[in-house]
Structure formats: C-alpha cells, structure tokens
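Reader: Hi! I'm new to this one, could you walk me through it?
Author: Happy to, let's take a look together.

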Amino acid sequence: MEAREAVAKALERVLERGQSVNEVLPALQAAVPAKDRGLVQALTYGVLRGYLYWSAIADRLLDKPLRRKDADIRCLLLSGLFEAGEMRTPDHAVVSATAGAARALKKNGRWG
C-alpha cells in the first residue's frame, strides 16, 4: 500500500467511523514500506491536530460538498492540504502523490 492511501484510510476510519487513531494506525503503517511509516504517522496526526483548519480550507476550495461515499477522497484532500501547507514536500510532488493515492483508492474523478 502507498503511504498516502494508508493516510486516507486511517483518517476515514477515525473521522467517519469514530475509531481510535491508536487502533487503526499501526496496522496501516505495517502495510506500507518501512521508509514511509513516519510519513503516514506525520500526515495522519497533522491532519487530526488541525482538522478544523484543513477542513475549512477544503470546504472553501470545493464547489460542492463531496458525497458521503467519497469520505476517503475528502481525507486524501485534507492530507494533501496539510502536506502542502506544513511540510517541506514540493507542491508538484504533493499533487502527484495525492493523485496517485486517489487512483490506488480506485476513484475515477467523479466526486461530488
């Protein structure tokens, strides 16, 4: 599994299903390459710490709210916004990685 896909799944389980981050994160981290486990943790906790802020930005950027079945895409968007805004990852790399994670989640771009 790719790191950002794991982040989207972790955030969806915490934010939408009410699961504890301490329950879901270890298994998802174990599913990514060892070199990416720190990134999974940093992105997940970063979004959760600043959830209201990143959610407000996402809401302003979206023309209309995403459907509930696309909660994973919303979580992916939040993680991309956090990474672009708070980490040293170049913007083009964030966009490319986030789009790749959307493909890994089997989303074809028909959201909303």
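Author: One term to start with: a salt bridge here is a side-chain nitrogen of Lys or Arg within 4 Å of a carboxyl oxygen of Asp or Glu. Please also keep in mind that this is a predicted model.

Reader: Got it. Which residue does Arg68 form a salt bridge with?
Author: Its partner is Glu16, and the closest N and O atoms of the two are 3.2 Å apart. That pair links distant parts of the chain: Arg68 sits in the loop between H4 and H5, while Glu16 sits in the loop between H1 and helix H2 (21-30), with 52 residues separating them.

Reader: Is Arg68 buried or exposed?
Author: Arg68 counts as exposed because its relative accessibility is 64%, and the cut-off for exposed is over 50%. Glu16 is partly exposed, at a relative accessible area of 30%.

Reader: How many salt bridges are there by this rule?
Author: The count comes to eight. Among them is a bridge between the side chains of Glu2 and Arg4, at 3.2 Å from N to O. Arg4 also meets Glu83 in a salt bridge, and there the N to O distance is 2.8 Å.

Reader: Where do Glu83 and Arg4 sit in the chain?
Author: Glu83 is in helix H5 and Arg4 is in helix H1 (residues 3-15), so the pair links distant parts of the chain, 79 residues apart.

Reader: And how covered up are those residues?
Author: Glu83 is buried, with a relative accessible area of 1%. Arg4 is buried too, at 11%. Glu2 is partly exposed, at 29%.

Reader: What do the shared partners do there?
Author: Salt bridges with shared partners join Glu2, Arg4 and Glu83 into one network.

Reader: How far apart are the ends of H1?
Author: The end C-alpha atoms of H1 are 18 Å apart. That agrees with expectation, because 13 residues at 1.5 Å a residue should span 18 Å.

Reader: Changing topic: how many aromatic pairs does a search of the whole structure find?
Author: It finds two. Tyr53 and Trp54 form one that is edge-to-face, with 4.7 Å centre to centre and 80 degrees between the planes. Trp54 and Phe82 form an edge-to-face pair as well, at 5.9 Å centre to centre and 90 degrees between the planes.

Reader: Where are Trp54 and Phe82?
Author: Trp54 is in helix H4 (residues 51-61) and Phe82 is in helix H5 (residues 71-86). They are 28 residues apart, and the pair links distant parts of the chain.

Reader: Which residues make up the aromatic cluster?
Author: Tyr53, Trp54 and Phe82 form one aromatic cluster. Tyr53 counts as exposed, at 52% relative accessibility. Trp54 counts as buried, at 6%, and Phe82 is buried with a relative accessible area of 10%.

Reader: H5 came up again. What about Arg74?
Author: Arg74 lies in helix H5. Arg74 is buried, with a relative accessible area of 17%. Leaving out residues up to four places away in sequence, Arg74 touches Ser55, Ala58, Asp59, Leu62 and Leu66.

Reader: How far is Lys107 from Asp72?
Author: Lys107 and Asp72 are 9.5 Å apart in space, C-alpha to C-alpha, and 35 residues apart in sequence.

Reader: Thanks, that was a friendly tour!

Definitions and conventions. Residues numbered from 1 in each chain as written. Predicted model: local features only at pLDDT ≥ 70, side-chain atom pairs only at ≥ 80, totals over all residues. Heavy atoms only, no water. Phe/Tyr/Trp six-rings, centres within 6.5 Å; stacked < 30°, edge-to-face > 60°. Buried < 20%, exposed > 50% of the residue type's maximum accessible area, 1.4 Å probe, protein only. Helix = DSSP H or I, 4+ residues; strand = E, 2+ residues; numbered from the N terminus. Contact = heavy atoms within 4.5 Å. Expected span 1.5 Å × (residues − 1).
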